[in-house]
Amino acid sequence: MTWFNRQSRLVQILLLLIPGVNWIVEIIVRWSTFLKKGGLIRLIICILVTIPSGIVFGWLDLIWVLLFKKLFLQ
């Protein structure tokens, strides 16, 4: 999570813009956040992101990063 947040906004957007890469970044960032902070909502989001249809969260996060400078439900 901190690795992703330390990147410039342009790098964050590029990582979330590329379809396969955004899914991998989502999985890594979400699970590392869950392991650090825990919580039921984070666990549910982690599971939803891990399944192949979780790519949708990557596109949602791309928009969220553009608007609010952080990932959706982070």
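This is a predicted model: local features need pLDDT of at least 70, side-chain atom pairs count only at pLDDT 80 or more; totals for chains, interfaces and linings use all residues.
**Helix packing and a cavity**

Me: Helix 2 (residues 9–17) and helix 3 (residues 19–37) pack at an angle of about 110 degrees, their axes being 5 Å apart. Why are helix 2 and helix 3 called roughly perpendicular to each other?

Reply: The angle is about 110 degrees, and angles from 65 to 115 degrees count as roughly perpendicular; helix 2 and helix 3 are therefore placed in that class. Residues are numbered from 1 along each chain, and side-chain values use heavy atoms, without hydrogens and water.

Me: Which residues of helix 2 and helix 3 meet?

Reply: Leu15, Leu16 and Leu17 of helix 2 meet Pro19, Val21, Asn22, Val25 and Glu26 of helix 3, contact meaning heavy atoms within 4.5 Å. By class, this contact has 6 nonpolar, 1 polar and 1 charged residues.

Me: What lines the largest cavity?

Reply: Its lining (residues with an atom within 4 Å of a cavity point, on a 1 Å grid where a 1.4 Å probe fits but cannot get out) consists of Val29, Arg30, Thr33, Phe34, Arg42, Ile45, Cys46, Leu71, Leu73 and Gln74. The volume of the largest cavity is about 60 Å³, and the structure holds 1 cavity of 30 Å³ or more.

Me: Which element gives the most to the lining of the largest cavity?

Reply: Helix 3 gives the most, with 4 residues. By class, the lining has 6 nonpolar, 2 polar and 2 charged residues.

Me: What is the mean pLDDT of the protein?

Reply: The mean is 86, and 99% of the residues reach 70 or more.

How values were computed:
pLDDT is the predictor's confidence in each residue, from 0 to 100. Axes are lines fitted to C-alpha atoms, for helices over the stretch in contact, and angles run from 0 to 180 degrees between N-to-C directions. Helices (H or I, at least four residues) and strands (E, at least two) are DSSP runs, numbered from the N terminus. Angles under 35 degrees count as roughly parallel, over 145 as roughly antiparallel, 65 to 115 as roughly perpendicular and the rest as oblique. Ala, Val, Leu, Ile, Met, Phe, Trp, Tyr, Cys and Pro count as nonpolar, Asp, Glu, Lys and Arg as charged, and the others, Gly among them, as polar. On a 1 Å grid over the protein atoms alone, a cavity is a set of points where a 1.4 Å probe fits but cannot get out, and a pocket is an open set with protein on both sides within 12 Å along at least five of seven lines; lining residues have an atom within 4 Å of a point. Grid points are joined across faces, edges and corners, and a volume is the space filled by probe spheres set on the points.
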